Structure formats: structure tokens, C-alpha cells
Protein chains: 2
Amino acid sequence: MSNVYDAAYEMEKAIRASNEYADLQRLYEIVNSDEATKGMFENFRNLQMSLQQKQMMGQEIAPEEVEQAQKTVQLVQQNPTISKLMEAEQRMSMVIADLNKIIMKPLEDLYGLPEQQ
Amino acid sequence: MSNVYDAAYEMEKAIRASNEYADLQRLYEIVNSDEATKGMFENFRNLQMSLQQKQMMGQEIAPEEVEQAQKTVQLVQQNPTISKLMEAEQRMSMVIADLNKIIMKPLEDLYGLPEQQ
Ligand SMILES: [Ca+2]
Ligand SMILES: [Ca+2]
């Protein structure tokens with residue numbers, strides 16, 4: 001399996017060297033360098049995670065929570081640095097999803113597509 | 001990002017060429033070549049998935065379901081081919097988990113460890 005690990009370390013190096021990673025690093029530093037922006041972003045992240053967790057647990061999300069989430073999204077989208085960071089995260093997520101698809105292809109070939117949830 | 005995709009395709013090739021993958025392929029074919037063994041294994045897989053889904057949704061698992069699951073595990077573990085396949089799957093899962101840890105390291109360095117659930 002050593003070739004597989006070699007390829008993984010190559011991929012790690014290539015991710016660190018990519019423009020996508022550099023963008024993410026730069027924007028994340030800018031967002032964190034301003035206390036107000038950092039707080040707004042953390043607030044948004046925490047809200048997002050708590051809603052995702054509720055959804056995963058099959059818990060109901062109250063209308064006030066949906067409303068608060070929408071307000072928070074509007075607020076962060078008005079911040080140009082945060083919205084650029086979120087776009088950069090989106091691009092990185094798409095790359096990671098592509099990579100996972102490629103890597104998992106051999107197992108998918110063996111078992112067929114995973115059952116629908 | 002082309003280097004990252006190159007590395008992913010290298011990893012895919014290395015996985016297909018690995019002994020771990022060959023074992024998995026061979027054992028999966030043996031299990032599927034016998035109708036009774038195949039049925040037993042599918043039964044076990046379906047039960048496992050439905051229990052995992054319930055757990056993820058925060059649904060309660062009835063004592064009869066736990067009992068049935070234990071019986072099914074005992075049954076499949078007595079089948080030498082299925083238990084070898086399950087061991088091979090375990091080894092492959094550990095490799096995949098290692099690879100993911102390596103690949104996700106750059107993002108982990110950026111964001112810190114993910115919050116505890
Ligand atoms: Ca299937
Ligand atoms: Ca953190």
C-alpha cells in the first residue's frame with residue numbers, strides 16, 4: 001500500500017501549493033484580523049453547525065431559528081471579505097468532493113453505488 | 001489544481017493495484033458466488049444500515065432489534081468467507097481513513113481541529 005500513501009502525500013503537497021488553498025489562507029487571515037468581522041463569521045459558523053446538527057438528528061427547526069439564520073446569512077453576505085472567503089471555501093469543497101469521487105471509484109466499482117438514504 | 005487531480009488519479013491506480021483491494025475483490029466474488037452466503041451477507045448489511053440510520057436520526061432501537069442484530073452478527077461471523085471479507089473491509093477502511101487524514105491536513109491546519117460533536 002506504500003504507493004497509495006505516497007500518492008496521498010503528493011496530494012497533500014499539491015493542495016498546499018494550489019491557488020485555491022492560497023486564496024483560502026489569505027482570506028481567512030483577513031477575516032480573522034478584524035475582531036468584528038471575525039465575530040460575525042464565527043457567529044454564522046456556529047449557527048450553521050447547530051442547524052445542521054438539528055437536521056441530522058431529525059429535530060424540528062423553529063420558524064424563529066430559520067428567520068435568525070436568514071438574517072445572519074444576509075449580514076455575512078454584505079461583508080465583502082466574508083463573502084469572498086465563503087466563495088473560496090465553496091471552490092475548495094468542490095475540489096475535495098471531486099478528489100473523493102476519484103479515490104472512492106475502485107470501491108464503488110466493487111460494491112455498486114451506495115444505496116439511497 | 002491539475003497536480004491535485006493527477007495525485008488523485010495516481011491514488012486511484014495505487015488502490016486498484018494494492019493487495020488489500022485484490023483481497024477485497026476476491027473475497028467479495030466468493031461471497032457472491034454462493035446464493036446462501038450472499039443472502040446472509042446482504043441481510044447483515046441491510047440490518048446494519050437500518051440500525052445506523054436509526055442511530056443517526058436519534059431514533060430509539062428496540063431490545064428485539066438489538067437481539068436480532070447480535071444473532072445476525074454471530075451467524076455471519078461463523079461463516080469463514082464472510083468473516084474474512086469483513087476483515088478485509090476493515091483493513092481497507094483503515095487505509096481510506098489514513099488517506100483522508102493526510103489529504104485533509106492542509107484544511108485542518110487552516111481551521112484547527114473540527115469542533116467536537
Ligand atoms: Ca448496492
Ligand atoms: Ca475551530
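1. Polar contacts across the interface. Eight residue pairs, both members at pLDDT 80 or more, are in polar contact between chain A and chain B. A polar contact is a pair of N or O atoms within 3.5 Å; within protein, one must be able to donate a hydrogen and the other to accept it, and residues adjacent in sequence count only if both atoms are side-chain atoms. On chain A, helix H1 (2-17), helix H2 (19-33), helix H3 (35-56) and helix H5 (80-111) each supply at least two residues of the side that touches chain B. H5(A) gives the most to that side, with 17 residues. Helices here are DSSP runs (H or I, at least four residues), numbered from the N terminus.

2. Basis of the values. This is a predicted model, in which local features need pLDDT of at least 70 and side-chain atom pairs count only at pLDDT 80 or more, while totals for chains, interfaces and linings use all residues. Residues are numbered from 1 along each chain as its sequence is written, chains are lettered from A and ligands numbered from 1 in the order in which they are written, and side-chain values use heavy atoms, with hydrogens and water left out.

3. Extent and composition of the interface. The contact (heavy atoms within 4.5 Å) takes 43 residues from chain A and 43 residues from chain B. About 4,000 Å² is buried between the two chains, 74% of it on carbon and sulfur atoms; buried area is the accessible area (1.4 Å probe) that two parts lose on being put together, summed over both. The side of chain A that touches chain B has 27 nonpolar, seven polar and nine charged residues. In this classification Ala, Val, Leu, Ile, Met, Phe, Trp, Tyr, Cys and Pro count as nonpolar, Asp, Glu, Lys and Arg as charged, and the others, Gly among them, as polar.

4. Symmetry. Chain A superposes on chain B by a rotation of 180° with 0.0 Å of shift along its axis (RMSD 0.0 Å), which is the relation of a two-fold axis. The superposition is by least squares on the C-alpha atoms of residues with pLDDT of at least 70 in both copies. The same surface serves both copies, as 100% of the contact residues of chain A recur in chain B. Of the residues of chain A, Met57(A) comes closest to the rotation axis, at 2.3 Å (C-alpha).

5. Salt bridges between the chains. A salt bridge is a side-chain nitrogen of Lys or Arg within 4 Å of a carboxyl oxygen of Asp or Glu. Two salt bridges are counted between chain A and chain B. In one salt bridge, Arg16(A) meets Asp109(B) at 2.8 Å, N to O.

6. Glu12(A) lies in helix H1 of chain A and counts as buried, at 14% relative accessibility; buried means under 20% relative accessible area, exposed over 50%, and partly exposed in between (1.4 Å probe, protein chains only). Leaving aside neighbours within four places in sequence, Glu12(A) is in contact with Ile102(B), Lys105(B) and Pro106(B). Ile102(B) belongs to helix H5 (residues 80-111) of chain B and is also buried, at 10%. With residues up to four places away in sequence not counted, Ile102(B) touches Tyr5(A), Ala8(A), Tyr9(A) and Glu12(A).

7. Salt bridges within a chain. The whole structure has 18 salt bridges over all chains. Among them, Glu10(A) pairs with Lys13(A), with the closest N and O atoms 3.5 Å apart. These residues are about one helical turn apart, because they are three residues apart in helix H1 of chain A. Glu10(A) is partly exposed at 43%, whereas Lys13(A) is exposed at 54%. Lys54(B) forms a salt bridge with Glu65(B) at 2.8 Å between the closest N and O atoms. This pair links distant parts of the chain, with Lys54(B) in helix H3 and Glu65(B) in helix H4 (residues 63-78) of chain B, 11 residues apart. Salt bridges that share partners also join Glu12(A), Arg16(A), Lys105(B) and Asp109(B) into one network.

8. Thr37(B). This residue sits in helix H3 (residues 35-56) of chain B. Thr37(B) is buried, with a relative accessible area of 11%. Its side chain makes a polar contact of 2.5 Å with that of Asp34(B). Beyond neighbours within four places in sequence, Thr37(B) is in contact with Val31(B), Asn79(B) and Ile82(B).
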